[in-house]
Amino acid sequence: MLLLLILVALSAFAIFLLPKEGKKFVIGTIQGGISTLDLIEADWITVKRFDKSLDLAQALSKGEVDIAVITSEMYAKFALKDKSLRIIAADMLQNQAVIGVSDLKELRGRKLGATTASGTYAMFISYAKLSGLNPDEIKVVDAPLPQLVQALERGDIDAILCWEPLASKLIAKGYKHIDFSYLSEKYAGGDVVMLVWVAREEILSKPELREFLKLRNDAAERWESDAPSKLKKLYDLNDKEIKVLMSRVKIARGDLKNYEDGIVAAWRLALMGGYLEDESLIDQLVKRAFWEGG
C-alpha cells in the first residue's frame, strides 16, 4: 500500500513538472554565431543547431523546426521556396566586420578571406561597390571562417570577413577593422538588421508563440546584464573579448515594425551583392513577410 502511494505521488509530481501536452517548440539556428537564443531557456523548448543553411531550410519546410533565428537575407532566400515563413521579430543589427584593414580601399590588390556563399560576403560586395571599390580588384580566398581566422593569424591573407564572436576575439588582439555597422550608416543610410526570428505560418496561431516572444523580449532586455557571463562560458571569451563584443552588438527591442526598414535594407544589399537574384522578390516580401503580431 505504501509503495502504491509513493508511485502515485511520483506520477503526480512528474505530471506537474512536465510541459503541458502540445506545449513544445523546436528552435533552429546556424552554428557559429550569437543571438538572444543564447539567453533563452525553457523546458518546453528544444534547440537544434545546423551546420548548413540548406539543412535548416529543409527542417523548416518539413515542420521539424517551428521557429528559427537566421539572417535577414537568408530568410529572403528561404521564402523563395517556402511562402509560409513569416518574420515574427528582429533580433540583432549587423555585427560583422572586415578584420585586418581600417578602410575598404586598403583591400585593393590584397587577399581577402571570405566564405563566399554567405550573406555576409554579399553584404561586403555591396558596401565595396557603394564605396567606389571594384570587387574585382580584390583577391578573394574562399574558406570556412575558422580556417580563415587561422590564415589571417599566419599572415597568409591580409584581411577576412568575420562575425561574432570571432570578430571580437580578433579585435581584442589589436587587429584593425571596419565594422559593418559603420558601413551601413555610411552607405545604407541607417541600421541594417542582421538577424531575424521566423516561424512557419501554422505556428502563428499557437498561444505558445506569444509566450516564446515574451521570453525573447525578456532575453533582449537582460542582454547587458546577463550576456557577458553567459557568452563567456558558451564561446570561451575572456574579459577583454567580452568587453569588445558587448560594445559592438546591438540588440533589437520593441515592435517588429520598428525594424522593417532595416530588414528591407538587408534584402537590397543582398540583391546588390548577388545573394538574391530577383528584385521583384523584395516587393513581394514587403507585402507578406512581416507578421502583424510581431
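The structure holds 19 salt bridges, each a side-chain nitrogen of Lys or Arg within 4 Å of a carboxyl oxygen of Asp or Glu. This is a predicted model, where local features need pLDDT of at least 70 and side-chain atom pairs count only at pLDDT 80 or more, while totals for chains, interfaces and linings use all residues. Residues are numbered from 1 along each chain as its sequence is written, and side-chain values use heavy atoms, with hydrogens and water left out.

**Salt bridges**
- Lys173 pairs with Glu153, with 2.6 Å between the closest N and O atoms. Lys173 sits in the loop between helix H6 (166–172) and strand S9 (177–179) and Glu153 in helix H5, so this bridge ties together parts 20 residues apart in sequence. (Helices, H or I with at least four residues, and strands, E with at least two, are DSSP runs numbered from the N terminus.)
- Arg200 counts as buried, at 8% relative accessibility, whereas Glu202 is partly exposed at 45%. (Buried means under 20% relative accessible area, exposed over 50%, and partly exposed in between, with a 1.4 Å probe and protein chains only.)

**Helix H5**
- Helix H5 spans residues 145–154, and its buried residues are Leu145, Leu148, Val149, Ala151 and Leu152.
- These cover an arc of only 165° around the axis (taken from the directions from the helix axis to the C-beta atoms), which puts them on the same side of H5.
- The face turned away from that buried side carries the exposed residues Pro146 and Arg154.
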